[in-house]
Amino acid sequence: MSRTVYVNGAFLPESEGQVSIFDRGLLFSDAVYEVTAVLEGGLVDFDAHQARLQRSLGEMSIAFDPEAADLLGIHRELVKRNHLGEGLVYLQISRGEADRSFVQPKDGAPTLVLFTQAMSLANHPDAARGLRVMTGPDLRWHRRDIKTTQLLYPSMMKTAALEAGVDDVWMVENGFVTEGSSSNAHILTHDGRLITRHLSSDILGGITRAAVLAQAEETGLTVETRPFTVDEALAAREAFITSATAFVTPVIEIDGHSVGDGRPGPQVAALRRRYLEESRRRLQ
């Protein structure tokens, strides 16, 4: 059954959704995006995703007004038209169509695209099984704080991980873990600290990351924002990732070595339950 997608003001069958071959998102990855999870037909952390979108647009100097576009209304209409109970809504805004030039055009209309994907999120088997990851060098550009569509290197590393028989990659720079291919990385120490890398241009400020850290502090966990090494992660009691679609998912193995006892631990499970409870309570 064909999905309904949204392209530049129109809801269309996915077979009719098209953008120009001169779109700068295609030619230069000159675009930003957001992914909003859907649970029980409602949007998770929508306002926070839109705030980050506004920041990304500003950092890229893309002239687009999310509020004037009624992105909330478009998201809700797509969810309704596609009968989406659980999954995600993908949104992308490029600088728009222009003849190919390395110089960014000052005028022109941005291209807006949205589509949905149905998938299991709340009861995903990874949460019960845990993830096995490998490490690899972080060779991405150094404005990782902007959520752009420059995703070739993370895609290459994710593919390499699957070909190596594991689930994902944790990227490492100057001896410290930065991020997963599309997630933030965290560890829980034996003395009760949650350690995760501080916000900077080295990582994307994850929406789920922010919510989980706030909830962790509310439960009495000490949150320490600083870089950590692979050895620290291997010595941790538990490790996990956060993202808009993985929520809170345990990491049980790094480079073939077990984290903790090699099984999903109770504290990560508790963080996941709390995040899901709070998300369901605040659905839009």
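One convention before the model itself: a crossing of two helices is left-handed if the near helix is turned anticlockwise from the far one by less than a right angle, and right-handed if clockwise. By that convention, helix 2 passes helix 3 in a right-handed crossing. This is a predicted model, in which local features need pLDDT of at least 70, side-chain atom pairs count only at pLDDT 80 or more, and totals for chains, interfaces and linings use all residues. Residues are numbered from 1 along each chain as its sequence is written, and side-chain values use heavy atoms, with hydrogens and water left out.

Overall, the protein has eight helices and 15 strands, taken as DSSP runs numbered from the N terminus (helices H or I, at least four residues; strands E, at least two). The radius of gyration is 19 Å, close to the 19 Å from the globule rule for 284 residues, so the protein is as compact as a globular protein of that length. That radius is over C-alpha atoms, and the rule is 2.2 Å times the number of residues to the power 0.38.

Back to the helix pair. Helix 2 (residues 46-60) and helix 3 (residues 71-81) pack at about 125°, with axes 11 Å apart. Axes are lines fitted to C-alpha atoms, for helices over the stretch in contact, and angles run from 0 to 180 degrees between N-to-C directions. The two helices are therefore oblique to each other; under 35 degrees counts as roughly parallel, over 145 as roughly antiparallel, 65 to 115 as roughly perpendicular, and the rest as oblique.

Which residues of helix 2 and helix 3 meet? Phe46, Gln50 and Leu53 in helix 2 meet Leu71, Leu72 and His75 in helix 3, where contact means heavy atoms within 4.5 Å.

Six strands form an open, antiparallel sheet in the order 2-1-6-5-3-4; strands pair if DSSP finds at least two bridges between them. Its edge strands are strand 2 (10-13) and strand 4 (42-43), each pairing on one side only. Helix 2 packs on this sheet, touching strand 3 (31-39), strand 4 and strand 5 (87-94), and its direction makes about 175° with that of strand 3.

Further along, strand 10 (residues 184-188) pairs with strand 11 (residues 193-196) in the antiparallel sense over three bridges. Strand 11 also pairs with strand 12 (residues 222-225), in the parallel sense over four bridges. Within strand 12, Glu224 is the bridge partner of Ile195.
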